[in-house]
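Subject: Structure handover

Hello,

Here is the structure for you to look over. My notes follow below it.

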Amino acid sequence: MFSWMGRQAGGRERAGGADAVQTVTGGLRSLYLRKVLPLEEAYRFHEFHSPALEDADFENKPMILLVGQYSTGKTTFIRYLLEQDFPGMRIGPEPTTDSFIAVMYGETEGSTPGNALVVDPKKPFRKLSRFGNAFLNRFMCSQLPNQVLKSISIIDSPGILSGEKQRISRGYDFCQVLQWFAERVDRIILLFDAHKLDISDEFSEAIKAFRGQDDKIRVVLNKADQVDTQQLMRVYGALMWSLGKVINTPEVLRVYIGSFWAQPLQNTDNRRLFEAEAQDLFRDIQSLPQKAAVRKLNDLIKRARLAKVHAYIISHLKREMPSVFGKENKKRELISRLPEIYLQLQREYQISAGDFPEVKAMQEQLENYDFTKFHSLKPKLIEAVDNMLSNKISSLMNLISQEEISMPTQLVQGGAFDGTTEGPFNQGYGEGAKEGADEEEWVVAKDKPIYDELFYTLSPVNGKISGVNAKKEMVTSKLPNSVLGKIWKLADCDCDGMLDEEEFALAKHLIKIKLDGYELPSSLPPHLVPPSHRKSLPKAD
């Protein structure tokens with residue numbers, strides 16, 4: 001195991017949560033600098049694919065990138081999460097956000113323009129300087145002392161245009177900037193408006209820029225309260241069909257449906273659905289700090305694999321070049337034959353086709369280079385990366401697992417994340433098995449007269465019915481035997497294989513909970529225990 005692992009692990013008991021994060025951060029940085037970076041520099045990886053990683057790339061908080069066409073609610077979504085305005089925020093039905101805005105934590109509220117931002121070594125944006133002033137004039141960092149931003153940072157992107165508007169040049173390569181962010185963020189959220197599902201050409205190109213980052217993508221169908229249930233079903237189907245044409249993966253993307261702003265719902269028919277979807281999305285976002293180290297490790301592995309493939313491509317082109325005459329003709333031939341070269345390298349080095357960069361983009365970039373100045377293959381550099389992938393990564397993964405166990409659970413707190421975690425507006429509060437939890441009267445009692453009538457038709461003996469007779473009534477619910485068996489175990493409080501009238505009423509109540517679409521509790525909550533089966537509390541002295 002690495003020496004840095006031994007040193008850090010030895011002090012783990014004394015270290016706090018921040019020190020534990022530094023353990024993994026230091027390990028990732030060390031692997032990159034010693035194993036991957038030399039290979040990247042030898043074969044001009046940074047010119048073709050992605051700039052070199054810096055310390056801030058390993059140390060920064062988890063980031064979320066919001067992408068969508070104009071007026072889909074990206075900026076409003078950020079305000080919804082933070083529950084406050086942020087510097088540079090503009091909201092409107094027309095294209096308002098014309099800049100990339102990094103919303104981050106700061107002790108004082110303020111903003112930093114792009115040109116100043118890319119020279120700050122503490123921020124992970126220094127390499128964005130390569131996109132020039134046209135981009136930097138449309139880039140800023142908005143800082144404010146918000147609890148949510150202590151755990152995550154959010155990147156708001158310009159609204160993607162449609163129709164004639166998308167033909168107007170932005171002055172910088174919009175898709176390249178999105179790709180740069182996509183490689184470094186922890187989550188990419190694509191927002192769609194329930195009233196505007198068309199995917200413009202620019203939006204389609206933007207989504208394609210996320211190639212290789214599919215595991216980070218989530219989709220939000222926003223403003224879903226503005227359509228009724230039948231329309232929402234059609235909108236959802238149309239969205240999945242449109243996404244299927246743009247995102248070429250066999251897996252179905254997770255789509256969260258809701259209305260993510262702090263205004264009254266226009267259509268309340270799907271309120272329960274919206275609440276459940278919002279909680280699912282919140283849980284996904286809240287888990288990002290805990291999974292940040294794994295994400296950075298995963299991104300480093302993907303980067304190392306691409307660096308290896310790039311080295312094979314570049315060294316192959318160098319090997320094929322003539323030493324004296326016909327260099328230009330040979331260069332054009334090699335560029336045109338790049339798809340064949342990909343297949344050849346796949347067979348020669350047993351590399352998956354998915355590890356190779358896009359052919360067309362690679363061909364365009366190669367036009368600008370002199371192949372004779374490329375380096376030949378250096379086996380030691382390849383071996384160093386192979387050794388890292390085969391041995392060092394597993395050791396680091398074990399360290400991450402150990403630290404996840406030893407560290408307290410890290411969740412995003414503050415803003416909208418605190419609004420539904422406690423009190424009566426928590427998801428599921430007062431519903432299903434939780435109904436009646438804060439009431440003095442037994443919740444089953446309100447329907448007990450109806451259940452009692454059924455009970456006395458089942459031939460009770462000494463105030464109890466047998467399992468056979470109880471089964472006759474319970475199977476009329478048409479629930480599977482596995483579910484009815486669980487209900488029987490929960491309802492038979494004294495475990496005597498029979499049900500008295502209170503236990504039978506409880507069984508019918510649990511059946512109703514399941515038929516209403518709620519999950520059964522794993523054990524019977526105290527408020528559902530029949531009054532006659534509750535143990536009397538000891539009296540105080």
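Two strands count as paired if DSSP finds at least two bridges between them. Keep in mind that this is a predicted model.

By that rule, β6 (residues 187-193) and β7 (residues 217-222) pair: 6 bridges join them, and the two run parallel. D193 has N222 as its bridge partner in β7. Between these strands the chain passes through helix α9 (residues 201-208), and this β-α-β crossover is right-handed.

β7 also pairs with β8 (residues 255-257). Here 3 bridges join the strands, again in parallel. V219 has V255 as its bridge partner in β8.

How many residues of β7 are buried? The count is 6 of 6, so to speak a mostly covered strand. I217, V219 and L221 point one way, while R218, V220 and N222 point the other way. In a regular strand, side chains alternate between the two faces of the sheet. Both sets in β7 are buried.

Helix α10 (residues 229-246) lies across β6, β7 and β8. The angle between α10 and β7 is about 150°.

Now the whole sheet. It is open, has 8 strands and shows mixed pairing. The order is β3-β4-β2-β5-β1-β6-β7-β8. β3 (110-113) and β8 stand at the edges with a single partner strand each, so one side of each has no neighbour in the sheet. On average, neighbouring strands are turned by 25° against each other, direction ignored.

Elsewhere in the sheet, β2 (residues 100-105) and β4 (residues 139-144) run parallel, joined by 6 bridges. A102 stands opposite C141 in β4.

Best regards

Methods
Residues numbered from 1 in each chain as written. Predicted model: local features only at pLDDT ≥ 70, side-chain atom pairs only at ≥ 80, totals over all residues. Heavy atoms only, no water. Buried < 20%, exposed > 50% of the residue type's maximum accessible area, 1.4 Å probe, protein only. Helix = DSSP H or I, 4+ residues; strand = E, 2+ residues; numbered from the N terminus. Right-handed = clockwise from strand over helix to strand, strands pointing away. Axes fitted to C-alpha atoms, helices over the stretch in contact; angles between N-to-C directions. Contact = heavy atoms within 4.5 Å.
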